[in-house]
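Please walk through this model with me, from a single packed residue out to a whole chain and its contact.

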Amino acid sequence: MANAAVLPALSIIDQLPLLTIVVPMVAGPLCVLFGNRHIAWLLAFLASLASFLFSAHMLLQVIDGDVLSYHLGGWAPPLGIEYRVDAANAFVLLLISGISTVILPYARQSVAHEIKKVSHTLFYCCYLLCFTGLLGVVVTGDAFNVFVFLEISSLSTYVLIAMGAERDRRALTSAYDYLILGTIGATFFVIGIGFLYIATGTLNMTDLAVRLADMDGNRTVQAGFAFIVVGMGLKAAIYPLHLWLPGAYTYAPSVVTVFLAATATKAAIYVLLRFMFSVFQPEFVFELHTLTWIIMPLAILAMFAASLIAAFQTDLKRLLAYSSVAQVGYMILGIGLATKISLSATIIHLFNHGITKAVLFMVVGAFVMRKGSSFTKNLNGLGKQMPLTCAAFVVGGLSLIGVPGTAGFISKWLLIDAALEVDLWWLALLIVMSSLLAVVYVWKTVEVLYMNEPDEGTIAKEVPMSMLIPMWVMAIACIYFGLNTDITLTSASVAADSLLRGGVQ
Amino acid sequence: MSMQFILSHLNYWLFIILMMIGFYIVVARGNYIKKIVGLNVFQVSVFMFYISIGKVEGGTAPIFPVDMDIDPNVVYSNPLPHVLILTAIVVGIATTSLGLALIVRIREEFGTIEEDEILEIESKLQQEENSAEGPAMGGRA
Amino acid sequence: MRHHLLLRVITKLLVGPIILFALYVQFHGDYSPGGGFQAGVIFAVAFILFGIVFGLEKVKLVFPPWLVHKFAAIGVLLYAGTGIYSLMLGSQYLNYSAFTPDHPEHGQHWGILVVELGVGITVAAVMVAIYYAFAARPPVISDEDW
């Protein structure tokens with residue numbers, strides 16, 4: 001420790017993995033300290049923008065397969081906490097911070113409409129803490145640190161969801177259900193980490209990977225693996241563990257739903273990817289069995305069951321929430337196949353589904369602002385009254401289905417490609433068939449928006465520009481990443497590479 | 001399974017029993033406060049588990065003498081699990097207080113903290129929302 | 001509790017020593033068992049005891065809720081600020097040795113002292129905030145109905 005001081009001074013570039021986390025973390029309490037809602041919003045936006053720029057720079061640094069390692073407090077790993085950025089987490093960091101940066105301009109009007117003014121500073125503080133937690137989960141290379149950041153993000157998420165209680169009191173019970181399930185999930189994760197610690201005596205992921213390499217038959221390790229997968233599965237809303245998600249997404253304030261749908265489950269899936277492919281070796285017999293006999297069937301079940309439930313919903317927000325559960329199924333399917341292409345498909349679907357759901361939930365937020373609720377029966381004929389908002393919904397909907405020319409197509413194409421590569425043609429067929437279910441519920445909504453006559457005596461204006469522009473930035477991103485796949489495909493395949501190579505450089 | 005095996009893994013048995021008690025309370029009880037109590041028992045079982053694995057047989061408290069004159073023959077317990085659990089305890093307190101705060105608000109809004117009664121109220125609300133004749137806001141509070 | 005003379009006198013006597021003990025635990029945390037978490041809770045206990053005996057209104061005069069929120073923020077900022085200061089000195093986040101490069105142990109003492117102070121302030125403020133949040137709710141059953 002004493003010799004740490006004589007090391008050469010670090011430049012700001014070396015500090016990037018840390019600054020990405022610390023800037024929003026400091027901005028949170030500053031919001032409370034200033035106590036002004038305009039300053040709070042500005043701080044949140046600037047912090048988010050800063051994190052976005054930092055993660056973009058880091059992605060450029062690691063896109064060639066490099067790894068950035070940051071030693072917190074100067075304590076070298078495996079003893080100290082390490083922040084470790086490779087292509088996989090740089091890509092997820094970019095997704096989370098990018099979406100947050102686009103959401104915040106949208107948030108200003110929406111939050112003003114849905115939450116009372118005195119709570120605004122606390123709202124932005126919680127938002128920033130949640131944002132910090134999600135980034136931290138992704139950036140850290142220390143297994144226990146994942147838990148700490150996970151709880152930072154979860155606790156602030158419960159508060160954010162409960163803030164929906166001003167519009168509907170069921171937000172409180174949804175937040176409570178999520179708190180119970182989320183805490184059980186996180187505690188399972190801690191038990192898993194404990195078992196790994198008993199078996200190896202280390203918490204650093206890279207070090208864990210090295211020490212676990214020849215522990216295939218070890219019961220302790222197997223139990224640890226099970227606990228970690230179930231715990232993270234709860235957070236990621238893998239099909240039978242998704243029960244908290246529909247309520248939480250339906251009753252949370254619109255902005256919170258946009259943010260959670262686009263980022264929170266993605267961070268959990270990233271952790272699953274990291275543990276399944278970097279920390280544990282996918283060649284482990286027990287893991288292979290889990291992937292083939294548990295993860296894959298659950299993924300297929302999610303794709304169909306959740307899509308079917310979605311088709312019968314009368315509330316657009318709840319419909320999209322169930323659709324999210326179905327889309328998590330596709331990501332899990334990529335994990336289950338466990339080839340390089342399928343992992344790329346999972347990572348690219350993280351990104352594409354993030355931007356797609358961001359558009360769709362932003363549109364729902366606009367409907368809630370103008371019509372007071374998101375029930376399909378209140379949305380009749382809005383296509384004529386709010387043309388730009390509804391057009392954004394159509395773009396998002398097409399991307400959700402996976403129509404060629406949209407981002408959703410790329411990830412599904414890659415997934416089908418991965419299924420065909422291992423000669424599972426029936427699986428490819430199932431993917432196409434479940435996409436048809438998405439057509440059902442997207443078309444149902446489009447029909448209400450465009451084919452039905454508007455309710456008599458109702459006039460709905462377009463939402464303000466500050467909400468339309470972020471909506472369309474995401475909608476155009478959906479099309480752009482559907483046509484130009486260089487950036488996403490390259491990043492995703494490098495990311496899949498660095499995951500499969502594990503912690504070992 | 002010999003007596004020897006059971007006794008030598010006593011901390012694990014206690015951990016599992018405590019964990020299952022807590023988990024059962026969370027799942028089986030309908031009262032929201034009791035669920036939080038169960039969640040606490042569940043979390044505490046994990047804390048106990050971590051703390052017990054930090055114990056080294058014959059080990060003493062892991063505090064080095066002030067003059068740093070460390071006797072190589074002295075065995076120290078492993079302090080790391082304790083440090084980890086300190087963090088987890090703080091997280092547990094935050095979760096508990098947030099859960100209780102939510103319960104206070106639920107009680108104010110619903111007038112009850114029994115799960116079955118709340119589910120009844122919620123399903124009534126949902127029926128109103130889904131019926132075409134219902135008011136446009138469908139019972140939104 | 002207006003009539004409970006004994007309680008009121010004892011409370012008045014106790015509040016001072018409790019705060020003093022909190023500070024002792026706080027600033028001895030780097031040498032002996034103790035530190036920010038424990039000290040923060042003990043510190044908050046003084047206010048909570050005062051609030052229980054003399055009523056919520058009285059304790060809110062001493063430590064108004066808006067100030068509680070600010071202190072909760074200040075504590076975190078003190079912690080994070082220590083880390084940022086070490087960043088500015090060209091070292092890793094929270095690398096205390098950077099404060100006094102010639103004598104790293106001194107830097108570590110200073111670092112842990114400030115960080116623990118930040119933890120203590122936040123914990124105390126949050127504990128008081130939790131007490132306020134729960135105590136300020138009107139009781140469902142009034143005292144007379146018991």
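Start at L272(A). Setting aside neighbours within four places in sequence, L272(A) is in contact with V229(A), M232(A), A236(A) and I335(A). This is a predicted model, so read every contact as a property of the prediction. L272(A) belongs to the largest nonpolar core, a set of 271 residues. Within that core, L272(A) is among the residues that touch the most other members. In soluble globular proteins, nonpolar side chains tend to be buried together.

Now move to chain B. What is its secondary structure made of? Chain B has five helices and zero strands. Its pattern along the sequence reads α-α-α-α-α. The radius of gyration of chain B is 24 Å, while the globule rule gives 14 Å for 141 residues. The value is well over the rule, so chain B is more spread out than a compact globule. The C-alpha trace spans about 80 × 45 × 20 Å along the principal axes of chain B. Of the 141 residues, 21% count as buried. Take the contacts in chain B with a separation of 6 or more: 45% of them join residues 24 or more positions apart.

Look next at α4(B). How far apart are its end C-alpha atoms? They are 44 Å apart. With 31 residues at 1.5 Å a residue, the helix should span 45 Å, so the two values agree. Several residues of α4(B) are buried, including P81(B), L84(B), I85(B), A88(B) and V91(B). Further along α4(B), the buried residues include T95(B), L98(B), L102(B) and I106(B), and also the glycines G92(B) and G99(B). What do the buried residues of α4(B) pack against? Their partners are α5 (143-162) and α6 (170-200) of chain A, together with α3 of chain B. Just after α4(B), G111(B) takes a positive phi of about 80°.

That packing leads to the contact between the chains. Chain B gives 33 residues to the contact and chain A gives 31 residues. On the side of chain B that touches chain A, α3 (32-53), α4 (80-110) and α5 (115-130) each supply at least two residues. The largest share, 13 residues, comes from α4(B). By type, this side of chain B divides into 21 nonpolar, six polar and six charged residues.

Key: Residues numbered from 1 in each chain as written. Chains lettered and ligands numbered in written order. Predicted model: local features only at pLDDT ≥ 70, side-chain atom pairs only at ≥ 80, totals over all residues. Contact = placed C-beta atoms within 7 Å. Helix = DSSP H or I, 4+ residues; strand = E, 2+ residues; numbered from the N terminus. Nonpolar A, V, L, I, M, F, W, Y, C, P; charged D, E, K, R; others polar. Rg over C-alpha atoms; globule rule 2.2 N^0.38 Å. Buried ≥ 20, exposed ≤ 12 C-beta atoms within 10 Å, placed from the backbone. Core = buried A, V, L, I, M, F, W, Y, C linked by C-beta atoms within 7 Å. Expected span 1.5 Å × (residues − 1).
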